[in-house]
Amino acid sequence: MSKHYPGPYEVRGNGDEEQFVIFTTDGLHEVAMVNGFEDGDPRNAVRLANANLLAAAPEMLEALKTIGGFISRNMRKNNDEGWAAYSQIIAAIAKAEGTR
């Protein structure tokens, strides 16, 4: 799988909020588009929230990698709850990187 554009990303509306576009913050790359509804439709709040979540993905991925590394270096072997959380982190990273 190809690597994603490096973050951070930002969300831009098209003025009438029928589309929310996620760009790299340098504005050079369009990353994704979330279609909205007609201007003023209350469902646009959900679509904007989805776009914001997508825009936060690069920072969340880096945070997960940092936390996962910390856990793997510092977790005691007999901490089942901690290792379960670590497994979730590793699975989320694999999904984000397209290796799962």
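# Reading a predicted model, feature by feature

Modeller: Let us begin with one residue in this predicted model: Gly-69 is found in helix 1.

Biologist: Is Gly-69 buried or exposed, and why is it classed in that way?

Modeller: The general idea is that a residue with under 20% relative accessible area is called buried. Gly-69 has a relative accessible area of 16%, and therefore it is buried. As for its place in the fold, the C-alpha atoms of Gly-69 and Tyr-86 are separated by 9.2 Å, although the two residues stand 17 residues apart along the chain.

Biologist: How many salt bridges are there, and which side chains meet in them?

Modeller: To read a salt bridge, one looks for a side-chain nitrogen of Lys or Arg within 4 Å of a carboxyl oxygen of Asp or Glu. By this rule there are 4 salt bridges, and one of them joins the side chains of Glu-10 and Arg-12, with 2.8 Å from N to O. Arg-43 and Asp-41 also meet through their side chains in a salt bridge, again with a listed distance of 2.8 Å from N to O.

Biologist: What separates Glu-62 and Lys-65 along helix 1, and how far apart are their closest N and O atoms?

Modeller: Glu-62 and Lys-65 are 3 residues apart in helix 1, which covers residues 44-74, so about one helical turn separates them. They form a salt bridge in which the closest N and O atoms are 3.9 Å apart. Glu-62 is partly exposed at 44%, and Lys-65 is partly exposed at 31%. A salt bridge can also belong to a network, and here Glu-62, Lys-65 and Glu-97 are linked in one.

Biologist: Which residues make up the largest nonpolar core?

Modeller: A nonpolar core is read by following buried nonpolar side chains that are joined to one another. In this model the largest one has 6 residues in all, namely Tyr-9, Phe-20, Ile-22, Val-34, Ala-51 and Ala-55. Strand 2 (19-24) and helix 1 each supply at least two residues of this core. Apart from it lies another core, of 5 residues, including Leu-61, Ile-71, Ile-89 and Ile-93.

Biologist: With which residues is Phe-20 in contact, leaving aside its neighbours within four places in sequence?

Modeller: Among them are Val-11, Ala-32, Met-33, Val-34, Leu-48 and Ala-51, and the contacts of Phe-20 also include Arg-12, Asn-44 and Arg-47.

Biologist: What is the volume of the largest pocket, and which residues lie nearest its centre?

Modeller: Rolling a probe the size of a water molecule over the atoms shows where empty space is left. The largest pocket has a volume of about 460 Å³, and of the 20 residues that line it, His-4, Tyr-9, Pro-58, Leu-61 and Ala-96 lie nearest its centre. Strand 3 (30-35), helix 1 and helix 2 (80-97) are the elements that give two or more residues to this lining, and the largest share, 7 residues, comes from helix 1. By class, the lining has 12 nonpolar, 3 polar and 5 charged residues.

Biologist: Where is there a cis peptide bond?

Modeller: A cis peptide bond joins Gly-7 and Pro-8, with omega at about 0°, and Pro-8 lies in the segment before strand 1 (9-13).

Methods. Residues numbered from 1 in each chain as written. Predicted model: local features only at pLDDT ≥ 70, side-chain atom pairs only at ≥ 80, totals over all residues. Heavy atoms only, no water. Helix = DSSP H or I, 4+ residues; strand = E, 2+ residues; numbered from the N terminus. Buried < 20%, exposed > 50% of the residue type's maximum accessible area, 1.4 Å probe, protein only. Core = buried A, V, L, I, M, F, W, Y, C linked by side-chain atoms within 4.5 Å. Contact = heavy atoms within 4.5 Å. 1 Å grid on protein atoms, 1.4 Å probe; cavity = no way out; pocket = protein on both sides within 12 Å on 5 of 7 lines; lining within 4 Å. Points joined across faces, edges and corners; volume = space filled by probe spheres on them. Nonpolar A, V, L, I, M, F, W, Y, C, P; charged D, E, K, R; others polar.
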